[in-house]
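User: I would like to learn how to read a model like this one, feature by feature. Can you take me through it in short steps?

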Amino acid sequence: MKKILFLILISSILFSCGIKKAKTKNDLSAPLVYRNGLYYADSTSSIPFTGRNKSKMLDQVIEYDVINGVREGDFIVYYPNKNVQIIGKLSNNKNVGEWKYYNSNGTIESVGNFLDDKPSGTWIWYYPNGKVAEEGKFTDGKRDGDWKSYDSLGALKILRKYKMDKMIDSTSVK
């Protein structure tokens, strides 16, 4: 859940400040301008930007595609060590499809889907050893149904039931 909140924070920051446009694969240069729901190469441009954008924020590199001023396609965030932190897809400026989140050493941290910019369906979080830490479903961006938490060896330890993001039951499993 931390990574989802981080992603929302990054999205908010990207919309509210300048984004760097990549002239080449490794070049961070002129900031893009976000205006009236579209990205432009600069404040004087009347033609929405199309291309691959690469920006740096808090020692992390963020890359995504823009088509006719709208974020579309691959979205990737890299750790300072250049390992992938987040990888997913964008459509019409919204998170869609499967997103994966990684620890700085490259191991999977969580995986799940977005539908219309909201977490949807089954999401799974992992311990650094690869065992499942927690799993559950989202409906319209809210926890819903059975959520299971496991110990680091893979044994079920807590079963929680949610109804539209409100926990209605929690049971410890021995």
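Predicted model: local features only at pLDDT ≥ 70, side-chain atom pairs only at ≥ 80, totals over all residues.

User: How do β11 and β12 pair, and over how many bridges?

Analyst: Two strands pair if DSSP finds at least two bridges between them. Strands are DSSP runs of E, at least two residues long, numbered from the N terminus. β11 and β12 (residues 142-150) pair in the antiparallel sense, over five bridges. They form a hairpin with two residues between them. In its turn, Asp140 has a positive phi of about 55 degrees.

User: What joins β10 to β11?

Analyst: Six bridges do, and β10 (residues 118-126) runs antiparallel to β11 (residues 132-139). Tyr126 has Val132 as its bridge partner in β11. This hairpin has five residues between the strands, and Gly130 takes a positive phi near 95 degrees.

User: Now the rings. How many aromatic pairs does a search of the whole structure find?

Analyst: A pair of aromatic rings is described by the distance of the centres and the angle of the planes. Rings of Phe, Tyr and Trp (its six-membered ring) pair with centres within 6.5 Å; planes under 30 degrees apart are stacked, over 60 edge-to-face, the rest tilted. The search finds 12 such pairs. Phe114 and Trp123 make one that is edge-to-face, 5.4 Å centre to centre with 90 degrees between the planes. Trp123 and Phe138 make another edge-to-face pair, at 6.0 Å and 80 degrees. Trp123 sits in β10 and Phe138 in β11, so this pair ties together parts 15 residues apart in sequence.

User: Is Trp123 buried or exposed?

Analyst: Buried means under 20% relative accessible area, exposed over 50%, and partly exposed in between (1.4 Å probe, protein chains only). Trp123 is buried at 0%. Phe138 is buried too, at 3%. Ring pairs also link a cluster, which includes Tyr64, Phe75, Trp99, Phe114, Trp123 and Phe138.

User: Which residues touch the most other members of the largest nonpolar core?

Analyst: A nonpolar core is a set of buried Ala, Val, Leu, Ile, Met, Phe, Trp, Tyr and Cys residues joined through side-chain atoms within 4.5 Å. The largest one has 19 residues, and Ile62, Tyr64, Phe75, Trp99, Tyr101 and Trp123 touch the most other members. The elements giving two or more residues are β5, β6, β7, β8 (94-102) and β10. β5 gives the most, with three.

User: What lies over the face of Tyr64?

Analyst: A charge sits over a ring if NZ of Lys or CZ of Arg is within 6 Å of the ring centre and within 35 degrees of the ring normal. Arg71 lies over Tyr64, 5.5 Å from the ring centre. Likewise, the charged end of Arg35 sits over the ring of Tyr40, 3.9 Å from its centre.

User: And how many salt bridges are there?

Analyst: Side chains of opposite charge can pair when their charged atoms come close. The rule is a side-chain nitrogen of Lys or Arg within 4 Å of a carboxyl oxygen of Asp or Glu. The count comes to eight. Glu63 bridges to Arg52, with the closest N and O atoms 3.4 Å apart. Glu63 is in β5 and Arg52 in β4 (residues 51-57), so the pair ties together parts 11 residues apart in sequence. Glu63 is buried at 9% relative accessibility, whereas Arg52 is partly exposed at 25%. Arg52 also meets Asp65 in a salt bridge, 3.1 Å from N to O.

User: Which residue forms a salt bridge with Asp140?

Analyst: Lys118 does, with the closest N and O atoms 3.1 Å apart. Asp140 is in the loop between β11 and β12, and Lys118 in β10, 22 residues apart. Asp140 is partly exposed at 47% relative accessible area, and Lys118 is partly exposed at 37%.

Definitions and conventions. Residues numbered from 1 in each chain as written. Heavy atoms only, no water. Helix = DSSP H or I, 4+ residues; strand = E, 2+ residues; numbered from the N terminus.
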